Every structure is written in structure tokens, then in C-alpha cells.
Amino acid sequence: MAADTSFPTVDKCTSIGREQHTVVADMDGTLLRGRSSFPYFALVAFEIGGVLRLLFLLLASPLAGILYYFVSESAGIQVLIFATFAGARVSDIESVAHAVLPKFYSSDLHPVTWSVFSACGQRHVLTANPRIMVKAFLKDFLGADSVLGTEIAIYKGRATGFVREPGILVGKNKADALKKAFGETQPDIGLGDRQTDAPFMSLCKEAYIVPPKPEVKAVTSDKLPKPIIFHDGRLVQKPNPLMALLTILWIPIGFVLACLRMAAGSLLPMPLVYYALWALGVRVTIKGTPPSPVRKSTGKSGVLFICSHRTLLDPIFLSIALGPAVTYSISRLSEIISPIKTVRLSRDRVADAAMIKKLLEEGDLAICPEGTTCREPFLLRFSALFAELTDQLVPVAMVNRMSMFHGTTARGWKGMDPFYFSMNPSPAYEVTFLNKLPMELTCGSGKSSHEVANYIQRLIAATLSYECTSFTRKDKYRALAGNDGNVVDPKPLLKANKVMGC
């Protein structure tokens with residue numbers, strides 16, 4: 001729908017002195033630069049129903065487009081809602097809205113609209129989007145006081161695919177929703193982007209239209225109201241119709257390619273793995289020089305490699321760069337496919353310390369003190385336990401690149417993480433060995449374990465141009481999955497000198 005030219009454009013609206021004012025804004029095309037909500041429906045469809053649900057939505061999108069542009073906006077949006085939500089558990093939709101969508105919404109925030117919206121003391125959003133999809137982002141990240149959106153119909157905990165009265169909030173329905181929420185009070189500012197927003201905008205003291213300008217750049221990450229440190233979901237890029245089609249077509253090819261890559265990494269002799277993966281499109285870059293491996297016959301303690309943690313495949317790529325070593329894992333599947341011995345931290349401080357000491361007597365050891373992965377350029381807090389056990393410490397900065405699928409998850413089945421990483425067209429890993437920590441910076445010279453851990457965290461962060469945080473594994477899982485991330489294992493733990501997994 002074309003923008004209404006009877007209202008002044010949003011750049012004419014001053015943001016100074018608005019602390020006591022109330023603003024009501026539309027979402028798509030107004031708060032967000034993009035005028036289409038299809039990519040966000042596609043994200044929900046893929047996360048709750050996989051590739052088949054995404055395919056169903058993509059096949060329904062031409063009908064939605066015809067109805068939207070030639071019949072009514074509400075009819076087109078109803079098709080998208082049905083294709084995305086029908087039969088889905090409400091809890092799954094809420095989980096995606098909370099853990100996945102904010103990352104994509106925040107990357108499309110309109111700079112001019114945001115300057116006006118954020119300047120107002122009372123912020124409200126009025127949108128045709130399902131309220132269940134947008135509430136978490138608008139309230140938690142943009143500080144919206146209320147969100148008025150389309151309410152989906154629910155039966156026994158599942159979405160029916162239809163909507164509740166009064167229907168899709170478009171045109172007159174938006175104006176009626178505004179009247180119901182505000183009564184006789186007139187909002188100070190109304191912001192919209194199309195003709196069907198005019199009814200609610202005319203109820204505000206001031207009204208401004210946001211013209212479609214694709215060249216406008218989104219608010220940069222450093223100016224976002226709240227940084228996105230934790231997020232979930234498998235898709236790296238926002239799936240517009242073309243990207244959604246390419247993803248669907250690539251998945252069968254990518255799965256076969258992933259199986260070949262994983263077989264090469266786990267079955268071939270280590271000297272051949274690098275070249276096999278390179279031939280299969282995986283790029284591995286090794287920087288720095290690792291120390292020579294310690295032989296058990298010398299009686300010396302092994303070197304402890306302190307690594308940043310990116311995916312469950314860290315053991316494979318570290319072993320490619322380093323040669324056989326011991327590392328820690330939290331996935332049974334990663335233990336099966338890893339070409340090096342893997343064990344699991346029990347998160348019992350005494351038991352873990354004893355296990356690490358024993359393994360260091362056998363040779364070199366690698367550990368990821370963050371305890372979990374982080375996708376964004378941040379490092380989580382380093383556990384200080386490792387610094388108490390040895391002074392032979394070598395920091396390792398690990399980083400990877402994925403163009404289509406994320407190789408980590410907090411909400412889903414972690415056993416699929418290696419497959420998703422390997423399904424990318426050309427995934428890449430970079431392993432940088434830093435200098436061995438000088439003795440004067442270790443616990444053996446009087447430094448506390450926390451000082452050593454924090455120093456190594458800062459060193460790796462500076463190498464990767466990352467930012468240090470004090471967040472932990474529990475913070476991540478509470479933010480994304482609503483739990484503390486612990487895996488309950490009903491089986492008794494094996495002895496410390498055995499290979500373990502969870």
C-alpha cells in the first residue's frame with residue numbers, strides 16, 4: 001500500500017522536549033525499515049516446523065501477496081498467519097519470539113522513527129502483526145509500554161491459524177483498538193507508513209508518515225537501546241522469499257555435504273583431515289605457533305590450552321591445528337565424531353580439578369572456560385578453575401564463519417549442531433595460538449586464579465576484537481531457554497579416567 005501524503009514526513013518531527021509526550025507507532029515500515037513481515041513469519045515457521053513448514057509458508061505467499069495488494073491487507077496477513085501458526089504450540093511460538101526474532105528485528109530499526117519513538121516518555125506500538133510475535137522485542141528491547149496487535153486464536157495450547165475478534169488490526173480496526181486503549185485521551189504523536197494507518201493517525205494530536213526509503217541505513221548495533229548478546233535460531237540471514245527458497249533447495253544438498261565433511265573429520269588420519277576438508281569447501285586458517293607436545297615419558301605436566309568457545313566442533317578444528325589432544329565436550333554426538341579423546345566437566349569443582357590434573361599428567365589438554373558458546377562478538381566470563389591447576393597456559397582464540405545456518409543452539413537438540421555448521425556452503429574456522437603465559441602472570445607467582453582468568457579473557461578478546469562480559473552459561477540459558485543449562489544424566493558418572501559424554 002502507498003504512503004499517505006496528507007501527513008508530514010517523520011523527519012519533520014522534532015524529538016526534543018518529548019519526555020512527557022505519548023507516541024503510538026506502527027511497526028513494519030515505521031519502526032522497522034522493511035515494509036514486509038514475511039521474513040519474520042518465515043523465521044517462526046522454520047523454527048517451529050522446520051523446512052516443511054517453511055515450504056508451506058513459501059507456497060502460500062503468492063496467494064497472500066495477491067490478497068494483500070488486490071483485495072485487502074487483512075486477508076493477505078491472515079494467510080501468512082495460518083500458514084505459519086496453524087497447529088503450532090503456543091509455547092514454541094513464544095520461545096521463538098523471545099529468543100530468535102529480537103536479533104533480526106533490531107537489525108532493521110529505522111533511525112529517524114527510533115529517534116522520535118525513544119524520545120517520548122510513553123511509548124506504544126499498534127501493529128497488524130500477531131502480538132505474540134512482537135511483544136518480547138518491543139517491550140524488552142525497545143521499552144514499549146504497551147503493544148496492541150492481532151491476537152491469534154488458541155485451542156488447547158495450540159494456535160488454530162485464525163485470529164480472534166476484532167480480526168487483523170488494519171485500517172478501522174487499528175483506530176478502534178487505539179480508542180479502546182486510550183479512551184478519550186488523545187496521544188501526542190502518531191507514526192505510520194501507509195494509507196491504512198491514516199484512521200489511527202488522525203486520532204493523534206500530531207501525525208507523521210514514514211516514507212519508503214530503502215536506502216536508509218538501520219540503527220547501528222552500538223546505538224541499539226539494548227545490545228543483543230544472546231540469541232538463538234538456526235538461520236543466519238533474514239529469510240526473504242528468495243532466501244527462503246534457496247534455503248529449502250540447499251538443505252538436501254547441504255545434508256549430504258555435511259555427512260561427507262563429518263566423515264572426513266572423524267575417519268581420516270589427522271594429517272589428511274585439513275586437505276580433505278579444504279577439498280569439501282571448509283576453510284581452516286591457523287595463526288601463531290603452538291608449543292611442541294609434551295611427551296608423557298619426560299614426566300612434565302602437559303600444556304593447558306585455554307580456548308574461546310564457538311561450537312561443539314571446536315575439538316576437531318583445534319586438533320587439526322594442534323594434533324591429537326584432549327578437550328571437553330557437552331554432546332554425545334560430538335564425542336562420536338571427534339577424532340580426539342573427549343571428556344565432560346561434571347561441574348563439581350573438586351571432581352573436575354582432579355580429572356584435569358590427571359589428564360595433564362598424560363599430555364596436553366584443551367578447555368573452554370566460558371562453559372558455553374556465544375554467537376556475538378562477546379566473551380563470557382571465564383571460570384577460574386583452570387588457573388589453579390597449572391602454570392603451563394597457552395591462550396587460543398577461536399572464531400568461525402557461517403553464511404546460512406548457525407552451528408549452535410540453546411533451545412533445540414544440540415546433537416544437530418555439527419550437522420548445521422557443516423551444512424553451510426563454505427564454513428570457516430580460524431585458530432590463533434597466542435604466546436604462552438609468562439610465569440609472572442600465573443598463580444605460581446602469586447596471582448589469584450581470577451586475575452589469571454580475567455587476563456586471558458581480555459587477551460583473547462583483544463585478539464578477536466571482542467568485548468568481555470561477566471555473563472555466564474546460566475545467564476545464556478535463562479535468557480534463551482528458561483533454564484540454567486544443566487543436563488540431567490540418569491546414568492552414574494564413569495570414573496575420571498574414562499571418556500565421558502552427556
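## Close-up views of a predicted model

**View 1. A network of salt bridges joins Glu 47, Asp 232, Arg 375 and Arg 411.** A salt bridge is a side-chain nitrogen of Lys or Arg within 4 Å of a carboxyl oxygen of Asp or Glu. The count by this rule is 20 salt bridges. Side chains of opposite charge can pair when their charged atoms come close. The model is predicted: local features need pLDDT of at least 70, side-chain atom pairs count only at pLDDT 80 or more, and totals for chains, interfaces and linings use all residues. Residues are numbered from 1 along each chain as its sequence is written, and side-chain values use heavy atoms, with hydrogens and water left out.

**View 2. Asp 193 and Arg 35 form a salt bridge, with an N to O distance of 2.9 Å.** The pair links distant parts of the chain, 158 residues apart. Asp 193 sits in the loop between β6 (189-192) and α9 (198-201), while Arg 35 sits in the loop between α1 (27-31) and α2. Helices (H or I, at least four residues) and strands (E, at least two) are DSSP runs, numbered from the N terminus. Asp 193 is buried, at a relative accessible area of 0%, whereas Arg 35 is partly exposed at 27%. Buried means under 20% relative accessible area, exposed over 50%, and partly exposed in between (1.4 Å probe, protein chains only).

**View 3. Glu 430 and Lys 287 form a salt bridge with the closest N and O atoms 3.5 Å apart.** Glu 430 is partly exposed, with a relative accessible area of 24%. Lys 287 is also partly exposed, at 39%.

**View 4. Asp 417 pairs with Lys 414 in a salt bridge whose closest N and O atoms are 3.7 Å apart.** Asp 417 is buried at a relative accessible area of 1%. Lys 414 is buried as well, at 18%.

**View 5. Ile 66, Tyr 69, Phe 70 and Val 71 make a nonpolar surface patch of about 510 Å².** Patches are made of residues with over 30% relative accessible area and no salt bridge; like charges are joined within 9 Å and nonpolar side chains (Val, Leu, Ile, Met, Phe, Trp, Tyr) within 5 Å. Accessible areas come from the Shrake-Rupley method with a 1.4 Å probe, and for residues only the protein chains shown count as cover. Tyr 69 lies in helix α2 (residues 38-70) and counts as exposed because its relative accessibility is 55%.

**View 6. The unreviewed UniProt entry annotates residues 40-60 and 242-264 as "transmembrane region".** UniProt positions follow the numbering used here, feature names are shortened, and annotations may be inferred rather than shown by experiment. Residues 40-60 are 100% helix and 0% strand, with end C-alpha atoms 15 Å apart. Residues 242-264 are likewise 100% helix and 0% strand, and their end C-alpha atoms lie 32 Å apart.

**View 7. The peptide bond from Glu 165 to Pro 166 is cis, with omega near 10°.** Pro 166 is in the loop between β5 (158-163) and α8 (172-182). Most residues other than glycine have a negative phi, and most peptide bonds are trans. Lys 156, in the loop between β4 (152-155) and β5, has a positive phi near 50°. Lys 156 is exposed, with a relative accessible area of 72%.

**View 8. Helix α16 (residues 449-464) includes Ser 449, and Ser 465 is in the loop between α16 and β16 (467-468).** Ser 449 is buried at 11% relative accessibility. Leaving aside neighbours within four places in sequence, Ser 449 is in contact (heavy atoms within 4.5 Å) with Ala 384, Ala 387, Glu 388 and Cys 443. Ser 465 has a positive phi, near 60°, and is exposed at 65% relative accessibility.

**View 9. Residues 488-502 have pLDDT under 50.** pLDDT is the predictor's confidence in each residue, from 0 to 100. For residues 488-502 the model has 31 contacts beyond four places in sequence. The mean pLDDT of the protein is 89, and 89% of its residues reach 70 or more. Over residues 325-333 the pLDDT is also below 50, with 43 contacts in the model beyond near neighbours in sequence.
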